Amino acid sequence: MTTESIERRVLGGIRFVDAVTLQRLDGVLHVSSDTASFLRNRAGDHVILAADGLETHSDVFDVPSVPSIPPAPPIPGAIALGSEQITLTVHDPADRYLARQTTVVLPRDADPLNASDPASLFTPMPVRMYPAPNGSTWPGWAVVRATVRPAAAPGDTGNERLANALLRVVRVSDGVLIGSGMSDARGEALVGVAGIPITSFGVGPGPVLETTVDVVIQVIADAAATGAPDPDDMEQRRAALLVKTSPLIELASGRVVQTIV
């Protein structure tokens with residue numbers, strides 16, 4: 001009888017989560033990249049097997065090593081941590097979530113002592129998936145169903161729609177972001193906001209107890225982008241990409257608001 005040793009070095013992991021609940025998604029997602037390859041493991045995370053520019057990390061097992069001694073890492077300092085980037089596109093074949101892009105920085109920190117660090121090789125990178133307009137909602141959520149329009153311009157008919165926009169739900173009282181969503185190719189969006197209490201203490205004059213939360217919706221869009229949007233990139237550049245801010249909207253636990261923004 002002969003034995004065969006199969007060894008593989010991986011470059012990191014990606015965990016796709018629901019943007020509202022932050023829970024890992026169980027369904028099958030299609031992940032693609034021009035510069036990297038992936039494998040979905042049994043836990044549902046996507047493992048990065050190889051990436052352009054990091055061949056020394058993947059091919060290190062080709063060099064014979066002493067049994068029971070792990071292979072040496074790539075040449076120290078040859079590739080700095082976080083110095084390479086791969087862009088991937090994820091698509092939900094069930095259309096529960098909108099397609100998006102995201103960027104992963106490599107290589108990640110392989111030191112076991114730093115395993116709890118967000119940049120660690122042993123910690124999957126979370127990527128939020130935003131629900132499609134026909135996506136599921138949960139009891140107790142405040143739900144916004146929005147038709148997203150571009151900023152008014154001369155000649156507009158009023159029927160224009162803004163696709164691939166990031167919607168940020170911001171609480172008026174303190175400016176805190178409490179929810180976000182994306183518009184689809186038709187300019188339609190579903191935004192779920194979890195955690196709004198049924199009643200809360202009022203601020204300033206007026207009723208002591210309140211059942212609603214005042215918010216505004218910021219519309220962020222990148223007119224120069226092509227393909228699936230990258231909401232993380234738009235979030236980072238939101239000051240430059242802000243299209244408009246909605247009038248005040250009242251949200252409440254379990255209430256559905258339909259609006260045009």
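I started with R237, which forms a salt bridge with D233, the closest N and O atoms being 2.8 Å apart. I count a salt bridge when a side-chain nitrogen of Lys or Arg lies within 4 Å of a carboxyl oxygen of Asp or Glu. R237 is partly exposed at 34% relative accessible area, and D233 is partly exposed at 28%. For these classes, buried means under 20% relative accessible area, exposed means over 50%, and partly exposed is in between (1.4 Å probe, protein chains only). I also noted that salt bridges with shared partners join R15, R24 and D45 into one network.

Conventions, for the record. The model is predicted, so local features need pLDDT of at least 70 and side-chain atom pairs count only at pLDDT 80 or more, while totals for chains, interfaces and linings use all residues. Residues are numbered from 1 along each chain as its sequence is written, and side-chain values use heavy atoms, with hydrogens and water left out.

**Other salt bridges**

I found 11 salt bridges in the structure. One of them pairs the side chains of D230 and R100, at 3.5 Å from N to O. D230 sits in the loop between β14 (213–220) and α2 (231–236) and R100 in strand β6 (residues 100–106), so this pair ties together parts 130 residues apart in sequence. Helices (H or I, at least four residues) and strands (E, at least two) are DSSP runs, numbered from the N terminus. Both D230 and R100 are buried.

I then looked up D184 and R186, whose side chains meet in a salt bridge at 2.9 Å, N to O. D184 is buried at 10% relative accessibility, whereas R186 is exposed at 53%.

**Nonpolar cores**

I take a nonpolar core as a set of buried Ala, Val, Leu, Ile, Met, Phe, Trp, Tyr and Cys residues joined through side-chain atoms within 4.5 Å. The largest one has 21 residues, and V148, L167 and L251 have the most contacts inside it. At least two residues each come from β8 (142–147), β9 (166–171), β11 (188–193), β14 and β16 (249–251). With four residues, β14 gives the most to this core.

I listed the contacts of L167 (heavy atoms within 4.5 Å). Leaving aside neighbours within four places in sequence, L167 is in contact with residues including A146, V148, A189, V191, I217 and V261. A second, separate core has 20 residues, among them L29, I48, L106 and M129.

**S246**

I located S246 in the loop between β15 (242–245) and β16. S246 counts as buried, at 10% relative accessibility. A polar atom of its side chain lies 2.8 Å from the backbone nitrogen of I217. Not counting residues up to four places away in sequence, S246 touches V216, I217 and V261.

**Sheet**

I traced an open sheet of four strands in the order β3-β4-β1-β7, with mixed pairing. Two strands pair if DSSP finds at least two bridges between them. The edge strands β3 (36–40) and β7 (125–129) each pair on one side only. Neighbouring strands of this sheet are turned by 30° against each other on average, direction ignored; the axes are lines fitted to C-alpha atoms, and angles run from 0 to 180 degrees between N-to-C directions. Strand β1 (residues 12–18) and β7 run parallel and are joined by five bridges. F16 stands opposite V127 in β7.

Notes:
Polar contact = N/O pair within 3.5 Å; in protein donor to acceptor, adjacent residues only side chain to side chain.
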